[in-house]
Amino acid sequence: MGLPRFTRPKGGDANCSSPNLYVANCGPAVGLSFDLIASVFNKYGEVKGVYAADESGTRVIVCFDSENSANSAMEALHGNPCPHLGGRSLHIRYSVQLSDQVKDSVQVSLTDSELQVPGVYLLHDFITVREEEGLLAAVDSRPWHHLAKRRVQHYGYEFCYETRNVNTNQYLGKLPSFVSPILERTSLFQKLGCSGDIVLDQLTVNEYPTGVGLSPHVDTHSAFEGLIFSLSLAGPCIMEFRKYSTGVWFSKSTSNSYDEVSDSDGGSNFLRKAIYLPPRSMLLLSGEARYAWHHYIPHHRVDRVKDNVVRRGSRRVSFTLRKVRRGPCQCQYPEYCDSQK
Ligand SMILES: O=C(O)CCC(=O)C(=O)O
Ligand SMILES: [Fe+2]
């Protein structure tokens, strides 16, 4: 099923009758499934579909077969606590045409082969649930460094968000032993045809509260070598990949900590793809994906994945494993490369 082509009405549009209703204060983020919402609205006429109105998870579009049905539902349900929807008071308006945000959505792939970004590899269930618990306990027992919207830990070398680089003279020591099994297992990617000797010496642990993402960026070429691994723990997210038509080695965002970003970035001068990263999956960025594509985690509480709406967990923790570069980058993508500027 495609995305709905309706949105919240603005100004005078609110009074225009329509078979489609914009319903606020209900949705998957407050524990009300689309099926449940459809069953309640079905009492007033045939519901053709219930869709996320935006990424909040608390606003939906209910599409009826006729304006009459929508009118009846509006009269009965607007502003009143609804016992079948957790007693919530619904705020309902008639819905109008296609929003930019909906137009802005991108199909989300489940696998690397479906994604078709050269150099992206994704292995599901890279670690077990037990291992995941162990890794989360290990990092939770260590001090977190607070950024504006998320918390981080650095091992091996500190990553400096102002310069987007590492200070190679400041070695923090070997990577902690709790990542050793993961480091060993990265050899699985070689079997997938990903070449390169993998001696990783830098780990950044990111903890994203629900709804927090990461602005579009290319990991600085001069800071890290060509393989970047990212293990997802605790909660899922989607990662979007953008290939800009003109090379920009620095992030599109103005923020140093990768925190601030507008979800809508025009969208016309770049190619967009997205992949779903479930907990315990390991992502590898190599080659073109690592050097020439921006990666980005949209700031969503819920993600649309195929025909499902997937809620982000209460947090997502990622382990990004990289190898610090010792000389200038000599990649094949000079237009994206800070070493070759
Ligand atoms: O959280 C992630 O999976 C990605 C983190 C990332 O891109 C980075 O630290 O540069
Ligand atoms: Fe990154």
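Donors here are N, O and S atoms within 2.8 Å of the metal (3.2 Å for Na, K and Ca), and water is not among the atoms, so sites may look incomplete. I then looked up the residues themselves: His217 (NE2), Asp219 (OD) and His295 (NE2) coordinate the iron ion at 2.0 to 2.2 Å. The two histidines link distant parts of the chain, since His217 is in strand β16 (residues 214-217) and His295 is in strand β21 (residues 294-297), 78 residues apart. Helices (H or I, at least four residues) and strands (E, at least two) are DSSP runs, numbered from the N terminus.

I noted for myself that this is a predicted model, in which local features need pLDDT of at least 70 and side-chain atom pairs count only at pLDDT 80 or more, while totals for chains, interfaces and linings use all residues. Residues are numbered from 1 along each chain as its sequence is written, chains are lettered from A and ligands numbered from 1 in the order in which they are written, and side-chain values use heavy atoms, with hydrogens and water left out.

Are His217 and His295 buried or exposed? I found that both are buried, where buried means under 20% relative accessible area, exposed over 50%, and partly exposed in between (1.4 Å probe, protein chains only).

Next I looked at Arg322, which has its place in strand β24 (residues 315-322) and is buried, with a relative accessible area of 5%. Its side chain makes a polar contact with the side chain of Thr204 at 3.1 Å; such a contact is a pair of N or O atoms within 3.5 Å, and within protein one must be able to donate a hydrogen and the other to accept it, while residues adjacent in sequence count only if both atoms are side-chain atoms.

Finally I searched the whole structure for aromatic pairs and found 10. Rings of Phe, Tyr and Trp (its six-membered ring) pair if their centres lie within 6.5 Å, and planes under 30 degrees apart count as stacked, over 60 as edge-to-face and the rest as tilted. The rings of Phe159 and Phe224 have centres 5.9 Å apart and planes at 25°, so this pair is stacked.
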